[in-house]
Amino acid sequence: MAKQVLSFTVNDEPTEALVQPWDTLLDALRERIGLTGPKEGCGTGDCGACTVHFDGKPIASCLVVAMQARGHNVRTIEGLGKPDALHPVQAAFVKHGVAQCGFCIPGVVMAAAALLEENPRPTEEEIRYGIAGNLCRCTGYTKMLTAITEAAGASAGRRS
Amino acid sequence: MSTVMKTTRDVKGIGLSIPRPDGPDKVTGQVQYVADLNPRGLLHAKLLRSPHAHAKIVRIDVSKAKALPGVRAVLTAADIPQLKKKAPTRAHAVLAIDRVVFAGQPVAAVAADEPAIAEEALDLIDVQYEVLPVAADPLESMKPGAPPVAELGTEADTSEAQAHGSIAGVSTEAKPSKAVNISQQARLQRGDVAKGFAESDVVIENTYRVPMVHQGYMEPHAVLAQWDSSGNLTLWASTQGSFNTRSEVADVLELPENRIKVIPMECGGGFGGKIRALCEPITAVLAKATNRPVRYVMTRKEELEAGMPAPQVIIKLKTGAKRDGTLMAIEAEAILESGAYSGAVLAVAGVFLASLYLFPNFDVKGFEVLTHKPSIAAYRAPVAPQTIFAIDSQMEQMAKKLGVDPVEFRLRHVQHEGDKMANNQPWLSNGAAEVLTRLAEHPIWKKRAEWKASAKDGKLRGTGISLGGWLGGLQPTGATVRLNPDGTLQVMTGQVDIAGTNIALAQIAATAYGVDIDKVKITTGDTDVAPVTGLSAGSKTTYTVGVAVIQAAEIARKQTLEIAAKELEASVHDLEIEDGKVVVRGVPDKGITLASIGKKGNLYMSKVEPVIGASHPAFSVQAPAFCAQLARIEVDPDTGEVTLHNFVVAQDVGKAINPAQIEGQMQGGAVQSLGMALTEALMYDDKARLTNPSLLDYRKLTSADLPNIETIIVEKPAPHGPFGARGVGEPPIVPAPAAIANAIEDATGVRLTHLPLSPERIALAIAAKS
């Protein structure tokens, strides 16, 4: 089968990529565009390591066929913040030393950033459910909760 | 170890929660794992795996697969001359030769331009199997006449036990017997157990069962292999020990070690599952056959079906005590199901069963049994959680039956420094009693009666406590510390930083040399350039590499001071390093900067030697590390659902070099322990095929299942540890299964001895009782 042209917006940049009809959005981002921040931990939507924002909503990019993204807005971890200009969630993760092996972290950060976008002052339970689709094997989640709670304060402060 | 670590210098860098320097890269997705590498000309590998747990391979036809456009190589065992029958490890069994011994075993390998083409090629390979009888259950597999797993005459693999370096003095032996699937046996005995039981007033017998569980690292196994035209192989690996990977691959492929360079990439979790080689040899063979870089990344399904999980452990346990609480005897039979290849750490089970609490008479037998399942590997404190689940559950029941306080009962009998372990070694200094005492003082333990009485809405409430630990691993290691021409320090080791050990080592280097932490850069080198460094495993990275770093930094410091002494015409003993300068004590304006000393070591025509400290110590003294855990739970007796309300971890870390990183270890380890307790099991059908090969069905705990994990750091210095530190990684995975089982009994009156403590199991037990 011939490759198809996928035109969409990635991290605010108009982007074109040649993709196979069976490529997932995750494949397209990682293998065709070179954005390897989103990770493949399972390929079946169970672990959340591939979480990106699709028109602002967090999705498992391994469950989306790449061509479904045509004309849409996708944001990956690479487009959330830079090492010298971190998103409040990222800054709080660094400060609290959340990351251990780090493999789940891009997905967790994207899920948390989307949660705070929708709900700037989440309760502890809302945070727990907000990242419940993201499996982490290293941290036990406690420091993630601390960091996201702190980032919620910072984000809300930034807004007002 | 030859040297007792002491430092007279400022230790202000030690004990601070300094964020790790790679934190920003980790939270922005910049850190590179193997699967993120995409060199020019990259090919993608896929493996055809057996659907049968035990079958003869009658015929393999790869002609259609080879003809598919985009396929660059299709290999079977016949293409790999190094392959031999009687493979001692899974790494050696690169592809099945004429018989498959577990479902998921690779039988053919493909390299292609795209992953999808490689997958299509797998479908075109025609394998004709003759299905054979299966040994699916270890208790059946132990019996004479069971379907054989290994080829007759295959040697048992005890290298994992050595890798963990934990148990001396226990002889495990490969015993040929009529029971062909018993690959190792061990026995520890002292006193007269029959007499001990005869004199006991209370005797309790139980069989404990813990299923195979997966380490669950989020990054599946991955490797990238490339050869150069001179026959040198480079492997970009996700490994817990690059030197170990190099040795295993060299052994399997019959290559000199110096022809292989292993570059350890960021490791997305290992927990013992990425010590042994797995997919590295076949990927290297594919790269050789195609003369292209080849990348292999396992799928999650492959990880669960054909990774290297923890063994199933079945422990038959009998303990006896007198009415006054005196322990009399313990008799145990521990069966470790190792899957298709030998490699269990058999002795750990025996030593923990018979040594944590002191029984005057014991007889502990251990058996490693092979079955037609994927072979096992280490999983964070291998066999300790399973063993402690048994012995701690037993101690709790003994205390109940004797009518004594369960914490006091444990404290009365728990080992202390100098007590004799079951293998006759003395226990070394450890904080077992201290961590348990700390939790016994916790309000959640003190108010357990109130919590139980507060149950409402038909739910039941309970509290449980447990104590477990790890003996502490050892391995030779190395580090170098260099002074750069600008006065900064360059530290190099070969240890793989999975969990944040590099920041702790940088803190150690800064303190031991005498500079600020921001002047230290620490690098994990590849196997061509780094000093030989052991595995990141066995809770020994900071404990052993930390000592190498201290020694290397002290050597570099001594060189620095000697150079400064000449320049300043002062005695070395009067010199101090302060604010990037060597100064003469009491003469503040007399000094020389570290930068100028560094520059002199790298100047044309200079006669000053460069400052380089190198250390490569071997060790003989372990540092046992203990952890106690406390659970407050609620149980729904109708559904069997357990809700965790509080969970507290108290752990002896010797000296907390970086408390935030240590808390992360304690919390993460505790949640793995809770997963083993509550939800995790690899489930096999009677044909030894995995029935839950996805993360939906292999249920790990999520943030929504858990409370915050409270941590209490206890510091009882390890006499030989860097600044007194002990290993911290493994102890927290040990106690939770027993703590939860004890809490469930407190809440419901039901004692459960099989993991996981699933809602179904709990509800059925409650229903059976009432």
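1. The interface. 48 residues of chain A are in contact with 47 residues of chain B, where contact means that the C-beta atoms of two residues, placed from the backbone, lie within 7 Å. On the side of chain A that touches chain B, the elements giving two or more residues are α2 (88-95), α3 (105-118), α4 (124-130) and α5 (142-159) of chain A. Sorted by class, this side of chain A has 25 nonpolar, 15 polar and 8 charged residues. Here Ala, Val, Leu, Ile, Met, Phe, Trp, Tyr, Cys and Pro count as nonpolar, Asp, Glu, Lys and Arg as charged, and the others, Gly among them, as polar.

2. What you are looking at. Please keep in mind that this is a predicted model, in which local features need pLDDT of at least 70 and side-chain atom pairs count only at pLDDT 80 or more, while totals for chains, interfaces and linings use all residues. Residues are numbered from 1 along each chain as its sequence is written, with chains lettered from A and ligands numbered from 1 in the order in which they are written.

3. Chain B overall. The secondary structure of chain B comes to 21 helices and 26 strands; these are DSSP runs numbered from the N terminus, with helices being H or I of at least four residues and strands E of at least two. Along the principal axes, the C-alpha atoms of chain B fill a box of roughly 85 × 75 × 50 Å. The radius of gyration of chain B is 27 Å, which agrees with the value near 27 Å for a compact globule of 770 residues; the radius is taken over C-alpha atoms, and the globule rule is 2.2 Å times the number of residues to the power 0.38.

4. Burial and contact range. Of the 770 residues of chain B, 59% count as buried. A residue is buried if 20 or more other C-beta atoms lie within 10 Å of its own, exposed if 12 or fewer, and partly exposed in between, again with C-beta atoms placed from the backbone. Among contacts in chain B between residues at least 6 apart in sequence, 80% join residues at least 24 apart.

5. Helices α7 and α8. In chain B, the axes of α7 (residues 242-253) and α8 (residues 280-290) come within 10 Å and cross at roughly 60°. That makes α7(B) oblique to α8(B): angles under 35 degrees count as roughly parallel, over 145 as roughly antiparallel, 65 to 115 as roughly perpendicular and the rest as oblique. Axes are lines fitted to C-alpha atoms, for helices over the stretch in contact, and angles run from 0 to 180 degrees between N-to-C directions. From α7(B), T245(B), V249(B), V252(B) and L253(B) meet E280(B), P281(B) and A284(B) of α8(B). The residues of this contact divide into 5 nonpolar, 1 polar and 1 charged.

6. Helices α11 and α20. Helix α11 (residues 384-402) of chain B packs against α20 (residues 736-748) of chain B at an angle of about 35°, with the axes 7 Å apart. The crossing of α11(B) with α20(B) is right-handed. On the α11(B) side, P385(B), I388(B), F389(B), D392(B), S393(B) and E396(B) meet P737(B), A738(B), A741(B) and N742(B) of α20(B). This contact has 6 nonpolar, 2 polar and 2 charged residues.

7. Backbone points to check. Most residues other than glycine have a negative phi, and most peptide bonds are trans. E254(B), not a glycine, has a positive phi of about 55°; E254(B) is in the loop between α7 and β11 (260-264) of chain B and counts as exposed, with 8 C-beta neighbours inside 10 Å. A381(B) also has a positive phi, near 60°, but A381(B) counts as buried, with 37 C-beta neighbours inside 10 Å. A cis peptide bond joins L755(B) and P756(B), with omega about -5°, and P756(B) is placed in the loop between α20 and α21 (759-769) of chain B.

Key:
A crossing is left-handed if the near helix is turned anticlockwise from the far one by less than a right angle, and right-handed if clockwise.
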